[in-house]
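Please look over the structure shown here before reading on.

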Amino acid sequence: MNKNRLKQILQTGNTMLQYLFLSYREKFVQNIKKAVTDYDKMVPDILNKGRKEMYWVLMKCCFRQQIQYKWNLLFQMIGDWLGIYIKICIWQAILNAGGIKNINFEMMVSYSVIAAMVNGLLYSRIAEELADRFRTGMIAIDFIRPISLKWYYFFGQLGENLYHVLFEGFFIAAVSFLLWKLSVPGPETVLIFLISLCFGIIILFSIQYAIGLLVFWMKDGTYTRMIADALFLLFSGIDIPLWFYPDWLKSFCDFLPFSYVAYKPIAIWLGMMEAKQWQKILLIQLFWVLVLFIVERLIWKRIQSSIEIQGG
Amino acid sequence: MSYITVDHVTREFKSFKRPKGLKNALTTLLKRNYEVKKAVDDLSFTVDKGELVGYIGPNGAGKSTTIKMLTGIITPTCGTIKTGGIIPWENRKENARHIGVVFGQRSQLNWDLPMEDTFELYRRMYRTEEIKFRKNTEMFTELLEMQPFLNKPVRQLSLGQKMRAELAIALLHDPEILYLDEPTIGLDVVVKDKIRKFVRELNREKKTTVILTTHDMADIEEICDRIIMIDHGTLMLDQSVALFKSQGADQYYAEVSFRYCKEPLFLDGVELIKELPFCHTYRINHRLVSVNVLLSRISELFEVTDITIKKPEIDEIVRKIYTSQPGETSGQLLYTK
Amino acid sequence: MFGLYGAFAKVVFLTQLEYRGQYIMRMIAKILGWSSGFILLVILLKKVGPVAGWGLYEILLLYTFDVLSYSIAGTFFMGGFGKLPRLIRSGELDGILTKPVNPLIYLICTKVSAGYTSNYVMAGVIMGISLHKLGVSLSFYQVIWLILDIAGASLIQAAGFMVTTVPAFWFMKSDGLYRLFYKNLTCFLQYPLTIYHGGIRFLLTFILPYAFINFYPVQLFINKQEVMLSPLFLFLTPFVGAFVFFIAYRFWQKGLDAYQSTGS
């Protein structure tokens, strides 16, 4: 071999092939790795722990995240107070006008306070998050994760909501119960209230989740959610107690799941006449949980099969 | 006369320290700890008109911060910058008229509009003259081969098409300086190549000064004449690409494939770094071993089937400099195939 | 210069109309979302009668002023300011700052939203019905004044958006501020301010003048003069609007300066 040949060999070190097989592939692999580690960061510790512990850890993480924002906590607290104050002023003005019988001020205040608390537990961003995951394609990773996406969101959100209710909700409740000398029902009623509240949370969450899944066929998730929110506002009694509704509308509400999320549990707490048959309420709630579970499974199946058809 | 002057520039950032653990998190409800970090620390350099500068450094070295200061997005904590006689953050709009910026990782295009409309909007925004505008659109459409997708909405374009479009709109108003922040990230080889050629061509035609940040050293090799490297916000190195590359020239690699071997090659300045059956890879120090000696030794010891000799690439030199920062321990050149 | 921004706004507006399916979906969602507020009001007031001397249509009129001005402000400001933290984090704002344009106007024009059109229609119709039911017939000058009032109210709402979202330049997460000082406080506007404590009225008149969005201007048209320091309050809305918007604009500039010089 002579020097020219050597020179040639030296120059061929910089070939396109090298870019193709080395740097390009390397970059590509790096990108994928990055996507996966980013995802893992969002689910810290979870994969190392047992399945049962997993959801608990998840709740703790979301809880902890929230504490970072002290000003938000303060503002939210004041905001929630204002909300209750506005409601109470309205009820005061209405009762002063004297058009309403058989409902007293204390009941109205209790209703407003409990409704605010329930509302705090119901907050959910699941529809948007699902929409985001579909849009970015991250949903593909969810398919291969060893956790259920549904419960992952559920417990994450619950952790966040519990934080709000524990830190501000109970404080607000305690103060308003002392301030307006509201009565607390017996432990039995409280227990039934809590059970029916849990059902209610699961019902609303399932609705949100099912709606979130619809994003698979739609471009944008926010609008389906807006519709669901509007229906909830109208038919759940979270804003105005259903006893102010005309009778026909109130019976219509009984056929929808929404009133079983807010109005019925609060009615149990208040010991209303219609809530004396609490067994019936719990049964209907259970019925809705099952119906929504089946609906959500069906949608999920459709998505899975259409993903398989499209090949991702 | 230098066109861009960066003179003893420092930029600090305040960041909130995240505590660990629930208890500590609770204490931050009462008190927050801030940390002052210097993203850029007493940095100075100058760039002449028409230069093609590669601005590199490891992640978090302060590259983007410098670009943001040069483009007038943020102001430095102290020090001065002049680009074409203008202090960018004081005359932001005036400065913006003379620069073109492409951020590889974020799009500036309107998602719903076809390119043509975006061109028109940019013409109005920069008040580009009709003739110049027409000439530039034609030229860029041709050079970047954009004709097939000019009237498709941006959301339907591929990443490579989008990046070419970004480049084109950043240049419609004939900026004197072009800032490219990781322009080839995530692109395939063909598009990368197209973009590199385009930037060089542009520089030749219009004498545009180009400042390019990237992690892909092939970008530097093919576009730039000069390299500026920073780390921890301070200047590490500022030299021509040719000089930079010659740094690694005292070593090269020889990969010897053979049918039979008497014994492994053993010489001063030669080191066996990879041993496979019927294939050895050696690192050779250029100063200690002449090529003649090397080749004759090899032919004595081996029955050679093939021999490949490879110089370290710019990538490796950079990797060596990056990794040898803390303690000079990991400054080993890695030979990868 | 105006031609440029006009061209911007038109194109953005038209492209939103392009996705027709989504647009209809959004229309339904928005109509339902906003009308649920109206419906609840009607349900309640039908049942309980007037609140503090304000009848159903008077309160609906209050509500339409609020919704209409919110929608106008939202059309131009929600897109940019509602997502300001995200714009900062994603670096989109950096992109804007490398252009030779006024960042605020650029933001408004490129983020104009077509999604509020249904609100205009709905609020307009309900306003017409309410005025008709109340037996109010507007003279030519009153119509002009009504438009000026709505414009002023929109400016107040826009200023509210801006002042509560611009702190994102200093704090990472500032949506609590927006919720409290904008969302929660404007909730007071659904009902006549007479039902609240005097302190609230003071706050909403002199500190955060949201009361000028509907409570004071509406009274001119229905011949009321409740709880105002001077009858002049009936006519102040356009001026208050211009004034607070100017302040909000200065605040935005301050925020932008801070972003450029201290950053995060």
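**Briefing on the predicted model**

B:Leu52 has B:Val210, which lies in strand 7 of chain B, as its bridge partner. The model is predicted, and every value given below should be read with that in mind.

- Strand 3 (residues 52-56) and strand 7 (residues 209-213) of chain B run parallel and are joined by 4 bridges.
- Both strands belong to an open sheet of 6 strands in chain B, where the order is 5-6-7-3-8-9 and the pairing is mixed.
- Strand 5 (99-103) and strand 9 (234-240) of chain B are the edge strands, since each of them pairs on one side only, and the twist from one strand to the next averages 15°.
- As background, the strands of a sheet pair through backbone hydrogen bonds, and they may do so either parallel or antiparallel.

**The fold of chain C**

- Chain C contains 12 helices and 0 strands, so that its pattern, read along the sequence, is α-α-α-α-α-α-α-α-α-α-α-α.
- Of the 264 residues in chain C, 44% are buried.
- Among the contacts in chain C with a separation of 6 or more, 77% are between residues 24 or more positions apart.

**Helix 8 and helix 9 of chain C**

- Two packed helices are described by the angle between their axes and by the distance between those axes.
- For helix 8 (residues 140-165) and helix 9 of chain C, the axes come within 8 Å and cross at roughly 150°.
- Because angles over 145 degrees count as roughly antiparallel, helix 8 and helix 9 of chain C are roughly antiparallel to each other, and their crossing is right-handed.
- On the helix 8 side the contact is made by C:Gly160, C:Phe161, C:Thr164 and C:Thr165, which meet C:Leu177, C:Tyr178, C:Phe181 and C:Tyr182 of helix 9.
- Sorted by class, this contact of helix 8 with helix 9 of chain C has 5 nonpolar and 3 polar residues, with no charged residues.

**Where chain C touches chain A**

- The contact between these chains draws 30 residues from chain C and 30 residues from chain A.
- On the chain C side, helix 2 (20-48) and helix 9 (175-186) each supply at least two residues, and helix 2 of chain C gives the largest share, with 14 residues.
- The residues on the side of chain C that touches chain A divide into 20 nonpolar, 6 polar and 4 charged.

Note on methods: Residues are numbered from 1 along each chain as its sequence is written. Chains are lettered from A and ligands numbered from 1 in the order in which they are written. This is a predicted model: local features need pLDDT of at least 70, side-chain atom pairs count only at pLDDT 80 or more; totals for chains, interfaces and linings use all residues. A residue is buried if 20 or more other C-beta atoms lie within 10 Å of its own, exposed if 12 or fewer, and partly exposed in between; C-beta atoms are placed from the backbone. Two residues are in contact if their C-beta atoms, placed from the backbone, lie within 7 Å. Ala, Val, Leu, Ile, Met, Phe, Trp, Tyr, Cys and Pro count as nonpolar, Asp, Glu, Lys and Arg as charged, and the others, Gly among them, as polar. Two strands pair if DSSP finds at least two bridges between them. Axes are lines fitted to C-alpha atoms, for helices over the stretch in contact, and angles run from 0 to 180 degrees between N-to-C directions. Angles under 35 degrees count as roughly parallel, over 145 as roughly antiparallel, 65 to 115 as roughly perpendicular and the rest as oblique. A crossing is left-handed if the near helix is turned anticlockwise from the far one by less than a right angle, and right-handed if clockwise.
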